[in-house]
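Work through the exercises below with the structure at hand. Try each task before you read its solution.

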Amino acid sequence: DDSGRLVRTERMRTKEINHRVKMKNYWQGGVCLAFGDEVLCWLYGTLLLPFFLGAIADEDYILQFAPPFNRLELLQANSCPAVITDHVQELRRMNI
């Protein structure tokens, strides 16, 4: 939603995503992939690599978009939001 919260998930084939957003002229595949790569590399360097090296503990974080600044922020959380925990459990039940 406009507050940066995930309000629903939907499972679809990759080609369906492309078709759906091309109709509204939103899709630029290369830009999307480059952005995703940058975010994942940043997360890996910020959290996973230090975790694997023992520099930080196993903690929960929230990744959020800050609209007025057009940036992503990584915040330490007290716990994992229930919506994420519930979704992961649902995926496990589906053997995904």
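**Exercise 1: A pocket and its lining**

The second largest pocket has a volume of about 340 Å³. The model is a predicted one.

Task: State how many residues line the second largest pocket, and which of them lie nearest its centre.

Solution. Step 1: count the lining, which comes to 16 residues. Step 2: pick out those nearest the centre, namely Leu47, Leu48, Glu59, Asp60 and Tyr61. Step 3: look for the elements that give two or more residues to this lining; they are α2 (29-52) and β1 (60-66).

**Exercise 2: Two residues of the lining**

Task: Find the elements that hold Leu48 and Asp60, then decide whether each is buried, partly exposed or exposed.

Solution. Step 1: Leu48 belongs to helix α2. Step 2: its relative accessible area is 41%. Buried needs a value under 20% and exposed one over 50%, so Leu48 is partly exposed. Step 3: Asp60 sits in strand β1. Step 4: Asp60 has a relative accessibility of 32%, so Asp60 is partly exposed. Step 5: relate Asp60 to Thr14; they are 46 residues apart along the chain, and their C-alpha atoms are separated by 29 Å.

**Exercise 3: A nonpolar patch**

Task: Which residues make the nonpolar surface patch of about 610 Å²?

Solution. Step 1: list the members: Tyr44, Leu48, Leu49, Phe51, Phe52 and Leu53. Step 2: check one of them, Leu48, against the cut-off. Patch residues need over 30% relative accessible area, and Leu48 has 41%.

**Exercise 4: A salt bridge**

Side chains of opposite charge can pair when their charged atoms come close.

Task: How many salt bridges does a search of the whole structure find?

Solution. Step 1: the search finds one salt bridge. Step 2: Glu73 forms a salt bridge with Arg71. Step 3: compare the distance with the cut-off. The closest N and O atoms are 2.9 Å apart, and the limit is within 4 Å. Step 4: Glu73 is buried because its relative accessibility is 18%. Step 5: Arg71 is partly exposed because its value is 41%.

Note on methods:
Residues are numbered from 1 along each chain as its sequence is written. This is a predicted model: local features need pLDDT of at least 70, side-chain atom pairs count only at pLDDT 80 or more; totals for chains, interfaces and linings use all residues. Side-chain values use heavy atoms; hydrogens and water are left out. On a 1 Å grid over the protein atoms alone, a cavity is a set of points where a 1.4 Å probe fits but cannot get out, and a pocket is an open set with protein on both sides within 12 Å along at least five of seven lines; lining residues have an atom within 4 Å of a point. Grid points are joined across faces, edges and corners, and a volume is the space filled by probe spheres set on the points. Helices (H or I, at least four residues) and strands (E, at least two) are DSSP runs, numbered from the N terminus. Patches are made of residues with over 30% relative accessible area and no salt bridge: like charges are joined within 9 Å, nonpolar side chains (Val, Leu, Ile, Met, Phe, Trp, Tyr) within 5 Å. Accessible areas come from the Shrake-Rupley method with a 1.4 Å probe; for residues, only the protein chains shown count as cover. A salt bridge is a side-chain nitrogen of Lys or Arg within 4 Å of a carboxyl oxygen of Asp or Glu. Buried means under 20% relative accessible area, exposed over 50%, partly exposed in between (1.4 Å probe, protein chains only).
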